[in-house]
Amino acid sequence: MRALIVLVLACPIWADQLTQQMTARLADEADAFQRLAPKVLGTETLHQKSRGATSRFRVRVGDAARAAPPVEFRERDIVSEYAYASLGTDTQTIHEMRKVVSAEGKPVEDAKKAQQTLAKIITSNDQQRKLQLLKAFEPYGLTGEVTDFGQMILLFLPRSIARYEFTLDGLEILGKVHTLVFRYKQIDGAGAVTVFDASHKDAARGFRAEGRIWVVEDTYLPVRISMLSTSGEGISSVREEATVDYELSRFGVLLPASTLHRELSGGRLVTENHFVYSDFHKFGADSDISFEPEK
């Protein structure tokens with residue numbers, strides 16, 4: 001298979017055929033994700049490293065005066081019950097929802113109670129409570145950043161995948177998995193990704209998505225999707241990077257396993273968020289969470 005792939009990379013027609021097979025599988029998996037996601041709960045563990053505020057006045061003597069000041073980062077861990085829900089009348093757009101159970105090692109809420117509360121809110125029609133739930137996570141450090149990472153695969157739903165251009169980029173081994181790597185770039189439609197900038201009163205900026213997709217070389221199953229956005233130049237430049245690893249869940253549908261997000265300003269790391277997802281389970285018979293959805 002790998003010898004054949006090497007030949008394919010040199011032949012545009014064969015590369016196009018591989019790309020068509022990959023995008024067909026990708027769209028199918030995105031569609032399956034959209035149908036399953038609102039029915040599951042999981043646990044999210046976030047390790048965040050962010051550049052802390054430093055004093056503007058420093059005294060340094062001798063060689064230390066010529067050295068750059070040390071980079072200071074603040075690190076924290078946040079554990080949440082994690083789920084997906086639609087907001088407003090657009091039932092096809094899914095957002096991440098969280099209920100924090102511990103922050104920096106200190107308990108915030110009982111995990112079972114948090115599960116019950118989260119499940120009731122996401123299955124209700126009360127849009128205000130869903131928005132309040134989103135706002136409740138801001139004090140824990142994600143204000144102004146993209147947080148809807150886990151569902152990145154939804155960029156490639158059957159109805160929207162034609163907006164992207166795909167190019168076979170090569171071969172790569174992820175762990176022990178042999179993958180084909182494709183580049184993608186949005187070429188049509190409004191910006192698929194929105195970033196809210198807390199430093200500018202939550203001003204929203206949209207951009208067209210681009211990045212790479214890793215798929216198992218013999219089945220085209222997506223196992224990793226990355227995204228990149230840049231704005232500005234030089235010391236004013238802002239770069240956002242996100243990579244999501246997916247795994248087949250016990251429900252036969254892809255769900256996120258981890259996400260790494262990095263924000264750089266002027267080439268310097270500002271924030272790094274590492275999310276790990278676990279223990280996905282369905283409502284109802286598959287779970288000990290049972291209730292009547294709120295009307």
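Predicted model: local features only at pLDDT ≥ 70, side-chain atom pairs only at ≥ 80, totals over all residues.

Colleague: Where do R25 and E29 lie?

Modeller: Both are in helix α2. They sit 4 residues apart, about one turn of the helix.

Colleague: R25 first: how accessible is it?

Modeller: R25 is partly exposed, because its relative accessibility is 25%. E29 has a relative accessible area of 9%, so it counts as buried.

Colleague: How many salt bridges are there in the whole structure?

Modeller: The search finds 13. One of them joins R98 and E44, with the closest N and O atoms 2.7 Å apart.

Colleague: What does the R98 and E44 pair tie together?

Modeller: R98 is in strand β3 and E44 is in strand β1, residues 40-51, so the pair ties together parts 54 residues apart in sequence. R98 is buried at 7% relative accessibility. E44 is buried too, with a relative accessible area of 0%.

Colleague: And E104, what does it form a salt bridge with?

Modeller: With R74, at 3.1 Å between the closest N and O atoms. That pair links distant parts of the chain, 30 residues apart. E104 is in the loop between β3 and β4, and R74 is in strand β2. E104 is partly exposed at 45%, and R74 is partly exposed at 41%.

Colleague: Which residues are linked in a network?

Modeller: D169, E172, R183 and R212 are linked by salt bridges.

Colleague: Switching to H95. Where is it, and what is its side chain joined to?

Modeller: H95 is in strand β3, residues 90-103. A polar contact of 2.7 Å joins its side chain to that of D148. Leaving out residues up to four places away in sequence, H95 also touches A83, Y84, A85, L87 and Q151. At 22% relative accessibility, H95 is partly exposed.

Colleague: Back to α2. Is T19 buried or exposed?

Modeller: Buried, because its relative accessibility is 11%. T19 is in helix α2, residues 12-36. Beyond its neighbours within four places in sequence, T19 contacts F166, L168 and F182.

Colleague: Last one. At what angle do α4 and α5 cross?

Modeller: Roughly 135°, with the axes coming within 9 Å. That makes α4 oblique to α5.

Colleague: Which residues make the contact?

Modeller: L118, I121 and I122 from α4, and R129, K130 and L133 from α5. By class, the contact has 4 nonpolar, no polar and 2 charged residues.

Definitions and conventions:
Residues numbered from 1 in each chain as written. Heavy atoms only, no water. Axes fitted to C-alpha atoms, helices over the stretch in contact; angles between N-to-C directions. Helix = DSSP H or I, 4+ residues; strand = E, 2+ residues; numbered from the N terminus. Parallel < 35°, antiparallel > 145°, perpendicular 65-115°, else oblique. Contact = heavy atoms within 4.5 Å. Nonpolar A, V, L, I, M, F, W, Y, C, P; charged D, E, K, R; others polar. Buried < 20%, exposed > 50% of the residue type's maximum accessible area, 1.4 Å probe, protein only. Polar contact = N/O pair within 3.5 Å; in protein donor to acceptor, adjacent residues only side chain to side chain. Salt bridge = Lys/Arg side-chain N within 4 Å of Asp/Glu carboxyl O.
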